[in-house]
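Please open the model in your viewer and keep the sequence panel beside it. The stops below say what to select next and what is there.

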Amino acid sequence: IGGAAKRGILVKGSTFLDALTQVNTVVFDKTGTLTKGNFRVTQVVPENGLDEHGLLAIAAQVESQSNHPVAQSIVQAYGQPIDGSAISDYEEIAGHGIRARLDNRTVLAGNDRLLHRENIPHDVCTVDGTVAHIAVDGQYAGRIIIADELKEDAALAINRLQEQGITTAMLTGDSQSVADSVAKKLGLDQYRAELLPEDKVTALEEFLSRAVKEKRKVVFVGDGINDSPVIARADVGMAMGGLGSDAAIETADVVIMTDAPSKVAEAIAIARRTLRIVWQNIILAMAVKTLFIALGAIGLATLWEAVFADVGVALLAILNAGRILRVKPVKARE
């Protein structure tokens with residue numbers, strides 16, 4: 001546990017370190033876990049008489065009440081002071097978006113599911129990239145396209161896990177097209193898109209049921225407050241500790257302080273190496289003590305040999321355990 005902590009991996013107890021040795025599936029969230037979560041607006045597409053500035057102004061004002069990375073990127077793209085007093089009846093709709101009153105107009109901002117839920121007529125459902133659709137008083141007003149970047153070591157993390165014989169998967173609330181692109185770039189074994197927070201729990205239950213039959217464990221890695229239920233349900237829940245939400249960090253069994261997904265593979269490698277060394281020490285101690293008990297029974301063991309069988313074996317076990325600290329860290333390729 002101390003060796004893992006020096007590498008920025010905080011394990012909240014030996015039970016979870018032991019569980020990591022039995023993992024055969026690692027499931028990732030996307031935004032903020034495999035990607036940087038540094039969204040930026042790349043395109044503004046107004047409709048129904050609005051111009052780009054007008055659409056961005058409406059979106060930024062209602063999104064200013066949210067701390068979601070997509071909302072913050074829209075506010076940053078707008079770049080002007082926002083009067084919060086013009087906004088009322090603000091409501092966040094989990095897995096969909098937000099609803100608010102802006103200057104006596106009802107504004108919706110969110111994904112395609114929100115438009116269908118509110119029966120807002122629109123022509124475009126599938127868009128490449130993360131998208132925030134905007135509707136004003138029941139009329140579709142346009143969409144804002146937002147881009148995100150993969151973390152530098154995301155592909156390496158997936159590769160290292162697969163080298164260890166571990167199945168990798170991704171559960172995301174993003175669109176199918178975004179999930180397809182990310183999964184293809186990273187080489188994920190499985191993925192599911194357009195999931196609500198409760199859908200993620202349902203999907204994880206399927207992974208858990210298969211793992212139970214194989215007597216193995218499932219890890220879920222996330223960072224947001226919406227990931228907390230899934231982190232809690234997994235056999236081992238991991239949270240990104242740098243930019244992750246307090247709820248996710250509190251719920252997690254393992255916290256990755258550097259926000260690097262490659263640390264997941266490193267944590268599992270440390271756990272497996274620890275287990276091997278534990279068994280080496282047990283076998284060494286039992287073998288030596290059995291030998292000297294037999295020698296003592298036939299009168300061949302002296303006092304100094306008895307001291308070695310006791311204190312000497314303990315020192316050898318400690319020295320052998322020190323090898324855990326020499327696990328090589330996983331580094332991103334140049």
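Contact here means heavy atoms within 4.5 Å, and helices (H or I, at least four residues) and strands (E, at least two) are DSSP runs, numbered from the N terminus. This is a predicted model, in which local features need pLDDT of at least 70 and side-chain atom pairs count only at pLDDT 80 or more, while totals for chains, interfaces and linings use all residues. Residues are numbered from 1 along each chain as its sequence is written, and side-chain values use heavy atoms, with hydrogens and water left out.

Select helix α12, residues 303-321, whose 19 residues reach 27 Å from first C-alpha to last, close to the 27 Å expected at 1.5 Å a residue (the expected span being 1.5 Å times one less than the number of residues). Centre the view on A309, where α12 has a kink of about 35°; the bend at a residue is the angle between axes fitted to the seven residues ending there and the seven starting there. A309 is also one of the buried residues of α12, together with G312, V313, A317 and N320, where buried means under 20% relative accessible area, exposed over 50% and partly exposed in between (1.4 Å probe, protein chains only). These buried residues pack against α11.

Next, select L20, V26, M238 and V264, which touch the most other members of the largest nonpolar core, a group of 37 residues. Such a core is a set of buried Ala, Val, Leu, Ile, Met, Phe, Trp, Tyr and Cys residues joined through side-chain atoms within 4.5 Å. Helix α11 (residues 262-297) supplies the largest share of this core, seven residues. Around V264, leaving aside its neighbours within four places in sequence, show V26, F28, L161, V221, M238 and I256, with which V264 is in contact. Another core, of 25 residues, lies apart from the largest one and includes A60, V70, I98 and V136.

L161 leads on to helix α6 (residues 154-163), whose buried residues are A154, L156, A157, I158 and L161. Which elements cover the buried residues of α6? Among them are β2 (23-28), β9 (167-171), α7 (176-186) and α11. After α6 comes G165, with a positive phi near 80°.

Finally, select A57 in helix α3 (residues 52-63), a buried residue with a relative accessible area of 10%. A57 and V127 are 70 residues apart in sequence and 21 Å apart in space, C-alpha to C-alpha.
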